[in-house]
Amino acid sequence: MVETTSQLQRLIDLAKEPSSDKRRELLREVTDVFLDAAPSYSDAERDHFGAILSRVATDMDIAVRKQLAKQFANVPSAPHSLICQLANDEFSVAKDVLLKSTVLRDADLIKIAQTKGQDQIEAIAGRHSVSETVSDVVVARGDDTTVLKLVTNAGAKVSRTTMQRVVERSETNEALQAPLVARADLPPDMMQDMFTFVSTELRTKITQRLDSLPPEVIEQAFKEAERSFAGEMRQFKDADRKAMVYVSEMARRKELNEALLHQLVRNNQTVEFVHAFAKLAEVDVKTVRRIVNACNVEGVAIICKAVRFDRSTFSAIAHFLDQSGKRDAKSNQDLVGLYDQVTAEAAQRVMRFWRVRKEATESAPLAQVG
């Protein structure tokens with residue numbers, strides 16, 4: 001008891017000293033007193049310690065604040081006010097508590113992610129556990145490096161809506177694609193969506209993952225896809241509107257067929273081809289456009305096999321896509337081999353996903369873009 005009273009008196013005396021050295025000594029001793037019995041303090045006592053430490057730390061230089069952050073980052077019972085103060089300090093100070101402290105609440109993390117820079121958001125993305133609400137803000141405000149950190153973090157939970165945003169973002173950011181496909185929580189319908197624009201290697205992985213899923217999981221994915229796609233609005237530019245009118249006229253004249261596809265690829269009429277191919281395959285234009293833009297010959301093979309197009313039609317389309325130079329050159333035999341490798345069962349499963357999108361988007365109002 002005498003020792004405790006003596007220690008308390010010493011801290012009071014140190015608090016009266018104005019010099020920076022004495023203030024630093026006070027900070028160190030109060031820190032030691034707290035850490036010696038951190039779990040045993042009541043909430044009120046932790047609040048008192050937090051008020052003292054926060055006030056003294058404010059006057060300390062960066063090196064001292066960094067050390068304080070390192071000391072408290074892994075303390076589950078650290079004072080909330082102190083941790084929040086350190087988390088909102090400059091990044092060199094905040095990094096450890098942003099990355100490690102379990103004292104920070106979702107509301108704290110969301111506020112920091114909404115108001116601070118990319119370094120802070122990236123640190124949050126790398127936490128051992130990240131909730132869906134925090135992930136939402138990280139993806140909304142994070143740059144490509146930050147979003148990649150989140151996607152590769154197995155401890156980060158991601159809502160379906162935010163996952164869809166990341167999938168769409170991955171279409172123009174290849175670095176995101178492999179980590180996304182590797183995530184256990186990537187919904188099957190989004191895997192199938194990615195199939196339209198990822199590399200051959202990743203398409204193989206997607207196919208393997210889908211083949212390993214139980215039927216009830218696939219069925220649930222269709223239901224989720226229907227709800228998701230129902231909210232999408234098809235948007236058309238002038239070229240798309242004209243192509244849509246052209247394809248409708250060809251259908252009316254009963255000239256919408258494989259021969260027309262051969263003609264369109266020979267004439268390099270890409271927009272018209274996309275709409276005609278989509279119409280004949282009964283899938284949405286967005287899916288076909290993704291396949292064409294990604295030079296996805298495997299996707300073309302799936303559609304051609306599902307709708308029973310002739311090998312010559314598949315070969316003509318495949319060569320048309322290869323002209324872009326985005327893919328390695330393939331021999332005629334290799335291209336035909338792709339068509340033969342696709343099983344009817346696999347093709348129908350993939351097409352079912354794509355047709356769900358078409359049915360859902362057609363039921364939504366048409367949003368016209370000038």
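This note goes through the predicted model point by point.

1. Basis. The model is predicted: local features need pLDDT of at least 70, side-chain atom pairs count only at pLDDT 80 or more, and totals for chains, interfaces and linings use all residues. Residues are numbered from 1 along each chain as its sequence is written, and side-chain values use heavy atoms, with hydrogens and water left out.

2. Whole chain. The protein chain has 23 helices and 2 strands (DSSP runs, H or I of at least four residues for helices and E of at least two for strands, numbered from the N terminus). Of its 370 residues, 47% are buried (under 20% relative accessible area, with a 1.4 Å probe and protein chains only).

3. Helix pair. Helix α4 (residues 62-72) packs with helix α5 (residues 80-87) at an angle of about 130°, and their axes are 11 Å apart (axes are lines fitted to C-alpha atoms over the stretch in contact, and angles run from 0 to 180 degrees between N-to-C directions).

4. Residues between the helices. Arg 65, Leu 68, Ala 69 and Phe 72 of α4 meet Leu 82, Ile 83 and Leu 86 of α5 (contact means heavy atoms within 4.5 Å).

5. A single residue. Is Ser 170 buried or exposed? Ser 170 counts as buried because its relative accessibility is 0%. Ser 170 lies in helix α11 (residues 160-170). Leaving out residues up to four places away in sequence, Ser 170 touches Leu 176, Gln 177, Leu 180, Met 194 and Phe 197.

Definitions and conventions
Buried means under 20% relative accessible area, exposed over 50%, partly exposed in between (1.4 Å probe, protein chains only).
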